[in-house]
Amino acid sequence: RGEEVSRPLDDVLAEIAGLAEKGVREISLLGQNVNGYRGETFEGNICTFADLLRLVAEIPGIGRLRYTTSHPLEFNDDLIQCYRDLPQMVSHLHLPVQSGSTRILQLMNRTYTREWYMGKVDRIREIIPDCGSSSDLIAGFCTEEEGDHQDTLSIMEYSKYDMSYMFFYSERPGTLAERRYKDDVPDEIKKRRLAEIVELQSRLSLESNKRDIGKTFSVLIEGDSKKSDQHWMGRNSQNKVIVFAKEKAGLQKGSYTTVKVTGCTQATLLGSIIN
């Protein structure tokens, strides 16, 4: 909360270069409204977030580049072009919507409409057809009515998120909402609406994973599977977790390998190494 501050560009690049020298292969740029980054250089110039991505992609050894959390209003065409132009950019985007209701979005001070957000989803699909997606969703914001909640469910159906971070609203001291609005949606209604959001996301996640069965992905190995040290766990470019048997010698944490998806659960893809 408070004024946004951007780390100096040269500081960020120096840290990433140092990590690459130590063997780090994937970089996540983290910030609140990270795509609103405006970093100052030693020369006093201002670097946009798209500029930063292009500069990070030039650092030797970095194989994958992702970021979170972005704000839809800062997700412009210059940033979208990075997905098409930079091989290091993963095919995944976290684009928080919070609510599918224009009325609630305005109360949240999100400053975009339901229709505007859906248009951004269309633009992303046009430029990055295989892009995976995730979002943030809040149930029971102040004055939320049943129609507003149904708008949230319908925008989830439209966007077809692979996964979401889902919460019911709770008042936070010092926020604009705490100063302006009464937290007037009863807890039982908040919890019921959240349960419906979770149920819908569970279905969307399973449907998304089923569509990947039979496909082949480049996977960055992150370590042993949680359930078995005889299986690797890694992620594909869409940020989906893939679990597969250790069938090939020489692989280790940080290795890339090619995996064919043979099955799935709601949360995980299952596969086997393609030799």
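Mentor: Happy to! Two strands count as paired if DSSP finds at least two bridges between them. Helices (H or I, at least four residues) and strands (E, at least two) are DSSP runs, numbered from the N terminus. This is a predicted model, in which local features need pLDDT of at least 70 and side-chain atom pairs count only at pLDDT 80 or more, while totals for chains, interfaces and linings use all residues. Residues are numbered from 1 along each chain as its sequence is written, and side-chain values use heavy atoms, leaving out hydrogens and water.

Let's begin with the barrel. Five strands form a closed barrel in the order E8-E9-E10-E12-E11, and their pairing is mixed. On average, neighbouring strands of this sheet are turned by 50 degrees against each other, direction ignored (axes are lines fitted to C-alpha atoms, and angles run from 0 to 180 degrees between N-to-C directions). E8 (residues 216-224) pairs with E11 (residues 256-264) through five bridges, in the antiparallel sense. There, Ser 218 has Thr 258 in E11 as its bridge partner.

Now look at E6 (residues 132-139). Seven of its eight residues are buried, so this strand is largely enclosed by the rest of the structure; buried means under 20% relative accessible area, with a 1.4 Å probe and protein chains only. E5 (residues 92-94) runs parallel to E6, joined by three bridges, and Leu 93 has Ser 133 in E6 as its bridge partner. E6 also runs parallel to E7 (residues 163-168), with six bridges joining them, and Ile 138 stands opposite Phe 167 in E7. From E6, the chain crosses through helix H6 (residues 146-159) to E7 in a right-handed β-α-β crossover: with the strands pointing away from the viewer, the path from the first strand over the helix to the second runs clockwise.

Note on methods. Buried < 20%, exposed > 50% of the residue type's maximum accessible area, 1.4 Å probe, protein only.
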